[in-house]
Amino acid sequence: MTDRDIAMRHRSEVAVSVELETPGMTLNIGPQHPSTHGVLRLIANVDGERIISVQPVIGYMHRGYEKLSEVRTYVQITTLVNRIDWVAGFASEVPYIVAVERLMGVEPPERAQWIRLILSELARIASHLVFMSSYPLELGAITPLFHALRDRERVLELIEGVTGGRFHPNFNRVGGVKPAAGAGKQQRGVSQDIPAGWFAQTQSTMERIFGMCDDLDTLVVGNELFKARTVGVGIIPADRAIEYGLSGPNLRASGVPYDLRKVEPHLPYPEVEFNVISAESGDCHDRYVVRLNEIREAAKIVLQAVDKIPSGPLVAKVPRLIKVPKGQTYVRGENPKGEFGYYIISEGGQKPYRMKIRSTSFSNLSILPWILEGQLIPDLVAVMGSLDFVLGDVDR
Amino acid sequence: MDLSAYLSIALMAMLGTGFAVVALWASKRLAPNNPTPEKLAPYESGIVPLQEPAERFPVKFYLVAMMFVIFDVEIVFLFAWAVAMDDFGWAGIAAVGLFMLLLLETLGYVWKRGALDWNVAQRARYRVVVAPEPPVEEVA
Amino acid sequence: MDGFWLAALKVLIAFALLFNIVLVLVWVERRLVARMQNRIGPNRAGPAGMLQTLADGLKLMFKESIDPRRAQLGIYLAAPVLALIPALLIFLIIPIGAPITIGDTTYDLQVTDLNIAVLYFLAMSSIAVYAIVLAGWSSGSKYPLLGSVRAAAQMISYEAALGLALVPVILYNRTTSLAEIVAAQGGTFFGIFPAWNIVLIPSFIVFLIAGFAETNRAPFDLVEAEQELVGGYHTEYSGFRFALFFLAEYINLFNISALTVVFFLGGWHGPVFGPTFLQYLLPIFWFLLKTAAVIFVFIWARASLPRMRYDQLMEFGWKRLIPLSLVWIMVVMVAVGLRRFGLPWS
C-alpha cells in the first residue's frame, strides 16, 4: 500500500468516525463507589467501556495533619501520624520519631530499635495481606478475602499484644518505645515490654503466614483467570515509574530494585538478611507477586529479628519535657506502600514550626491519569487496585 | 393445530404476572414512601450527575447484535434439519456440511476483519483531530 | 380429569415448588460459600438459618421502592416482571421424574411436554435479555446503562453458543422434546455405563460454560460486577422490584442446572428398585441429586474464580466456543451419519 492509500483510508475512517460519533459520557467513579477504597473520586470520560481520559479528585478525606501538627507537641503528634496510613499504622510512626530523635541528637537503645523493626515488618505483613485480600476481590474473586484477612488478624493480634492497639499502636516514644504499662522507674532496665510467650507466638504465626503465602500462590497467582485479568494490564515502565515518583512495591515491580531498608536504613536492617523483591514487566500481576514475596521476606526478617533481639533498656535518657533544638531534617522510611517521609522544621520549643508529610499513596496515585488513559472500565479497577493506596494516606 | 400443550404456559405467564403485579402493589402499600430529591436522583457515586447518560452508544455494540442475528438464525436451520436428519441421509449431511463450512468461513472473515477483537487499542480519532491531507502524487 | 384443570393444578404446583426451590437454593448457596470461606453463613432465622431467604424477601417487601427521577417509569416497572416470567416459563418444560401411572392414566412429572422444547428454551432465554437491557436503559443512570449494554452483548453471544451446543444432542437423540431426550438416554453402553449424552463431551462443556454466562454467574457476572459497575443493571432498583430480579436469577440458576441434567446427564435416569412408590420417588431423587451436583459446580466456581473482563468474555465466546461447537457439530454429524446410513459410497 502506498502512503497515499494509507492516508486515504485513514481519512475515510476518520470521516466515518465523525459521522457515527457517539458522544462521550462523563462518568463519576467515586467518591462513593465500591472499588475506590474510600472516598477517591475519578471523573472519567468514557466512550462505551473505554476510558478516554480520567481526572482524579482528592481531598474528600483531608484531615489536615500537617497543619494540626503545628499546634501539637512532638509527643502528641505520635498519636496523629499512625492514623495517616492506617493499615500500617506502626510503619508510619517510625520515620517521624526517628526524625525527632535526630533533631534532638538522641540515640534509642538497641532493644527499642529491634522492637521497632519487628513491629514495622509485622505492619508490612498486615498491610500486604490487606492488599492480598482486597485485590482479588476487586477482580471478582471473593474467597481470598476471607483467607487472607483471617491470617492478618493473627498478625494484628501480635501487634496488639505488644502495643495494645491493633491499628493505632502509638507505641513509639522519643528515645525508644513505650515501657510496659505500669512499669515504674525500677523496672525500666528490664525487658518488661514484651509479654511472655510473645516471641513463640510470633514464630508460630510466621509459619502460618508462610502457609498462607503458598495458598495465595495457588489460589490467586496461578489462577488462569487472574492472569488473564492482570498480565500485561497497566504496565508501568521503569522510567515512567521514576518520573511519577512511584516508590515501594509499585516501583520494584517495574524492575527498579530500590528499597530504603537497604539504601537508607535507620533501623538495624543491615544486621538481618533479606532480598529486595523486584519484577520485570511492571504490570498488575507483577505488583501482586512482588507484594506476595515481600510478605515472605518480611516474615523471614521477623524470624531473624526474634532470634537476634538483644536485651537492654527500652528508652534512652530523655528530658521529661521534649524540646527540640532549632534545625530541620527529612527522614524517610520504607513503608509497606513505599517511601514515607517527614520533613520537620523546628524553631526550637515543644512544637514543630512546620511538618511536611511525604505520604506514599499520594505520589503513587499521581500516575493514575497517565496509566488509565485508554483502558477499559474493568481494567480501571484492576489497575487502580494494584497501586494499593489508602485514602487517608493520600489526603492526610 | 393442537395448542393444548401451550395452555399451561399461558397459565403460568398469567400467574407469574399476577404474582409480580400483586407483590409490587402490596410492597408499595406496605412500605414507607417518603421520596426526597436526593433519594430520587440517579446514582452516580454520590455526585450530582454532570450530564445525562449518552443517547447513542458505540457502533461496536450493534455489531454484536448483527452477528447474533446471523448466527442464531442459522442455528435455527440446523435444529430443523437435526430432528429430521434420518429423512435426508448423506445428501442432507453434505448440504448441511457445506452450509456449516460457509458459516465457519463467515466467522473467519469477521474474525479477520477485527470485528471480534474487543480490546483494540485506542481509535485514531482520539489522538488525531484532523486527518492529514493525502499527499499529492507528483506527475513525472 | 379435565385437561384445563390438570394444567392449572400442575402450574400451581410448579409455581409453589419453584419458590420453595429458590428459598432453599439461596440458603444452600450462602451456607456453602460461607463454608468455603471459613465463615458460618446465615444461621439465625429458622433451623440452621433456612428461613433467612424468606426473612430477606419479607424485608424487601417492606422496603421503600424508589422511583428514580430520570427513569422511564413504565418500562422501569415492567422490567423485573419481564425478568421473572421467562424464568418461570422455562421451568415448565423440565421433566423432573419418570411418568407416574395411577389407574389407567399416566401423569408426566413435567408441566408440559412441548415437541419444540429446545427452541422454546432458547426463545425464553432470549426474552430474558430484554428484561436486563430494558432495566438498565430505563433507569436513566449511567452505571445501569453500562451494565445493560454489557448484558446484551454477553447474553446474545452466549445464546449462540448455547444453541450450537444443543445441536449435537438433537442429532443424537432425533428429537427436540425433553421427555424424549431423557427417554433416549435410558439405556447403557456395554451394559455398564449409563447411555447419557455426556458422551458428547465438547457439547456438555460448551453448554455448561454458556450456562454460566446465561445466568450471569461468576466468573461471567460482568453484568452486575460490583467493583466496576456498583450494582450493574439493578443499581437503581430497590425494595421488592429488586427481589423480583433476584428471584429470577435463582430460578434461572436452577433451570440451567436442571437442563444440563436433562440434556447431558440422563435426566431422571438412575438405579430404580424396590416397591412401586419407591420406583416413582427414586427418579425424582436422582434428578434432584444430579441437579444439586451441577448447582454445586456453579457455586464452587463462584467461590473460587475471579471475574473475566468484558472483552475476554466476548472473545472467548466468539473465538473459542462457537468455532469449537461448529466443528464438533460436523464431527457428530458425520459420526451419526456413518452409524445410521453406513458409508456414503456403499
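What covers the buried residues of α1(C)? The cover includes α1 (7–30) of chain B, together with α2 (52–61), α3, α9 and α10 (276–304) of chain C. That answer draws on two chains of a predicted model.

Chain A has 16 helices and eight strands. Of its 396 residues, 52% count as buried. Take the contacts in chain A with a separation of 6 or more: residues 24 or more positions apart account for 72% of them.

How confident is the predictor here? The mean pLDDT of chain A is 82. In this chain 90% of the residues reach 70 or more. Among the elements of chain A, helix α1 (residues 3–19) has the lowest mean pLDDT, 60. Helix α12 (residues 284–308) of chain A has the highest, 89.

Now find the three-stranded sheet in chain A. Its order is β6-β7-β8, the sheet is open, and the pairing is antiparallel. β6 (327–335) and β8 (354–358) of chain A are the edge strands, each pairing on one side only. Neighbouring strands of this sheet are turned by 10 degrees against each other on average, direction ignored. Strands of a sheet pair through backbone hydrogen bonds, either parallel or antiparallel. Look at strand β7 (residues 338–346) of chain A: five bridges join it to β8(A). For A:Ile345, the bridge partner in β8(A) is A:Arg354.

Move to chain C and its contact with chain B. Chain C gives 74 residues to this contact, and chain B gives 56 residues. On the chain C side, the elements giving two or more residues are α1 (3–36), α3 (73–91), α4 (117–138), α5, α9 (239–264) and α11 (310–341). The largest share of that side, 16 residues, comes from α11(C). By class, the side of chain C that touches chain B has 46 nonpolar, twelve polar and 16 charged residues.

Back to α1(C), one of the elements on that side. Buried residues in α1(C) include C:Ala7, C:Val11, C:Leu18 and C:Trp27. An α-helix has 3.6 residues a turn, so residues three or four places apart point the same way. After α1(C) comes C:Asn38, with a positive phi near 60 degrees.

Helix α5 (residues 142–173) of chain C gets the length check too. Its 32 residues should span 46 Å at 1.5 Å a residue, and its end C-alpha atoms are 46 Å apart, which agrees. α5(C) is mostly covered, with 31 of its 32 residues buried. Just after α5(C), C:Arg174 takes a positive phi of about 60 degrees.

Finish at a hairpin in chain C. Strands β1 (residues 97–102) and β2 (residues 105–109) of chain C run antiparallel, joined by four bridges. C:Ile100 has C:Tyr107 in β2(C) as its bridge partner. Two residues lie between β1(C) and β2(C), and C:Gly103 in the turn has a positive phi of about 65 degrees.

Notes: Residues are numbered from 1 along each chain as its sequence is written. Chains are lettered from A and ligands numbered from 1 in the order in which they are written. This is a predicted model: local features need pLDDT of at least 70, side-chain atom pairs count only at pLDDT 80 or more; totals for chains, interfaces and linings use all residues. The expected span of a helix is 1.5 Å times one less than its number of residues. A residue is buried if 20 or more other C-beta atoms lie within 10 Å of its own, exposed if 12 or fewer, and partly exposed in between; C-beta atoms are placed from the backbone. Two residues are in contact if their C-beta atoms, placed from the backbone, lie within 7 Å. pLDDT is the predictor's confidence in each residue, from 0 to 100. Two strands pair if DSSP finds at least two bridges between them. Axes are lines fitted to C-alpha atoms, for helices over the stretch in contact, and angles run from 0 to 180 degrees between N-to-C directions. Ala, Val, Leu, Ile, Met, Phe, Trp, Tyr, Cys and Pro count as nonpolar, Asp, Glu, Lys and Arg as charged, and the others, Gly among them, as polar.
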